[in-house]
Amino acid sequence: MAKLRVGVVSPEREIWSGEADMVIAKTVDGEIGIMPEHAPVLGVLVEGGVLRIKREGESDLAAAVHGGFISVANNDVSILAEGAELASEIDIAAAKDALQRAQASIEADNEDADARLEAKRAAARLRAAGEEV
Amino acid sequence: MGAQLRLLRRRIKSVKSTAKITRAQELIASSRIVKAQQRMQAAVPYEREITRAVTGVVSNTASVDHPLTREKEQPATAGVLIVTSDSGFCGGYNANVLREAEALRGLLEERGIRAVPFVVGRKGVTWHTFRSREMGGRWEGFSRRPAYADAKEIAGVLIDSFKEEDGIDEIHVVYTEFVSMLTQNVIVKRILPLEVEEAEVAPGEAIPPYFEFEPTAGDVLNSLLPRYVESRIFNALLQSAASEEASRRRAMKSATDNANELIGVFTRQMNQARQAEITQEISEIVGGANALADAAAGKE
């Protein structure tokens with residue numbers, strides 16, 4: 001079966017690239033699963049989503065993706081993320097800490113948009129790393 | 001004679017210490033160019049993908065009508081983003097950028113458009129404040145190592161001002177393109193409104209696929225275009241950072257070469273002076289000895 005060629009790129013670096021059997025991402029419309037021979041799609045990803053890349057014979061690759069786009073064409077999948085972190089790069093303790101701090105400042109000021117964003121990002125990091133949030 | 005010798009020695013010493021500094025700056029700049037180039041390389045995949053995505057959306061929608069692509073019939077003001085450096089010691093780098101920016105300002109004024117400068121880099125900011133020119137925005141402190149967040153902030157300010165009814169109608173950017181270690185060119189480009197080009201697909205070239213959009217083409221375009229502008233600005237910042245270090249390296253190399261040449265000249269002058277002094281001393285001694293010998297011979 002044909003494989004997907006996947007590239008996860010952020011403006012500052014290429015985060016991951018390789019072949020995969022399935023890519024699952026979360027767009028603003030909901031989760032989308034891409035398998036080989038998928039029709040061309042261009043979607044807007046949600047802030048603080050988790051990207052999963054399934055590969056044959058290897059464990060799934062998870063990454064926290066902070067906003068961006070997914071584009072699929074001719075078995076090429078590219079994830080353009082403003083910021084993305086692979087599960088293996090995530091510092092769980094730091095993410096938990098960030099989440100707590102962000103939640104504290106949301107409680108203090110409900111209109112704090114920065115803190116909400118930060119909380120979403122921290123939660124995505126934890127989910128990507130396989131932690132329960 | 002002794003005074004001249006001392007003076008030359010002192011000058012040689014001071015030129016030598018200057019050469020040491022410029023040599024160090026040159027080496028630092030060389031290593032930074034490599035890093036700046038790596039950052040430029042690292043940003044290439046994202047730029048390529050986002051350009052492809054924008055092309056994809058634009059070629060799928062019959063008529064693109066978006067605030068960022070809409071041309072004003074009578075543009076009145078234009079924002080000019082000028083990318084300069086924070087620190088000096090980089091030869092003509094800033095002067096070249098500012099000269100092009102001035103030329104652009106002249107061109108815009110000929111068309112009856114007022115140019116509002118948005119300046120990146122301490123040198124450009126100083127240049128504008130010294131001439132008491134009003135700036136639409138100023139950013140300092142990241143010219144050597146721009147982060148994407150910096151580009152995002154600049155793009156945010158520019159796009160907001162662009163969207164305002166009485167804000168700016170066009171956005172131009174003046175930056176230095178990094179071609180190679182030896183060649184950097186100042187580039188003047190209009191980034192907004194984005195130009196949508198109609199192009200025929202050349203035979204043999206892949207036709208852009210017919211995309212489905214999540215959620216809709218309009219929404220995708222809405223979030224894609226600002227990212228595209230950010231990416232263009234980020235690219236300009238990265239290119240400029242690499243060019244800045246390249247100009248600095250070149251300026252510091254020629255400063256070091258000049259200093260070494262000067263040291264050579266001074267050393268020769270010093271040797272000449274020392275030789276002249278010795279010759280004079282010898283002739284004085286010989287003259288004195290002769291005089292003594294003559295006097296002794298005269299007595300006998």
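Let me start with residues 4-84 of chain A, whose end C-alpha atoms lie 20 Å apart and which are 0% helix and 73% strand; please keep in mind throughout that this is a predicted model. In the UniProt record, an unreviewed entry, residues 4-84 of chain A carry the annotation "domain: ATP synthase F1 complex delta/epsilon subunit N-terminal".

Next, the contact between the chains. Here 23 residues of chain A are in contact with 23 residues of chain B, and on the chain A side the elements that give two or more residues are strands E1 (4-10), E2 (13-20), E5 (41-45), E7 (61-73) and E8 (76-86). The largest share of that side, four residues, comes from E5(A), and by class the side of chain A that touches chain B has 12 nonpolar, seven polar and four charged residues.

What does E5(A) pair with in chain B? Its partner is strand E6 of chain B, residues 212-214, and the two strands pair in the parallel sense over three bridges; in E6(B), Glu214(B) is the bridge partner of Gly43(A).

Finally, the helices of chain A. The axes of H1(A), residues 92-108, and H2(A), residues 113-128, come within 8 Å and cross at roughly 150°, and because angles over 145 degrees count as roughly antiparallel, H1(A) is roughly antiparallel to H2(A). The crossing in which H1(A) passes H2(A) is left-handed. Among the residues that make this contact are Ile92(A), Ala95(A), Leu99(A) and Ile106(A) of H1(A), together with Ala115(A), Ala119(A), Arg125(A) and Leu126(A) of H2(A), and by class the contact has 11 nonpolar, two polar and four charged residues.

Note on methods
Residues numbered from 1 in each chain as written. Chains lettered and ligands numbered in written order. Predicted model: local features only at pLDDT ≥ 70, side-chain atom pairs only at ≥ 80, totals over all residues. Contact = placed C-beta atoms within 7 Å. Nonpolar A, V, L, I, M, F, W, Y, C, P; charged D, E, K, R; others polar. Pairing = 2+ DSSP bridges. UniProt positions renumbered as here; feature names shortened; annotations may be inferred. Axes fitted to C-alpha atoms, helices over the stretch in contact; angles between N-to-C directions. Parallel < 35°, antiparallel > 145°, perpendicular 65-115°, else oblique. Left-handed = near helix turned anticlockwise from the far one by under 90°.
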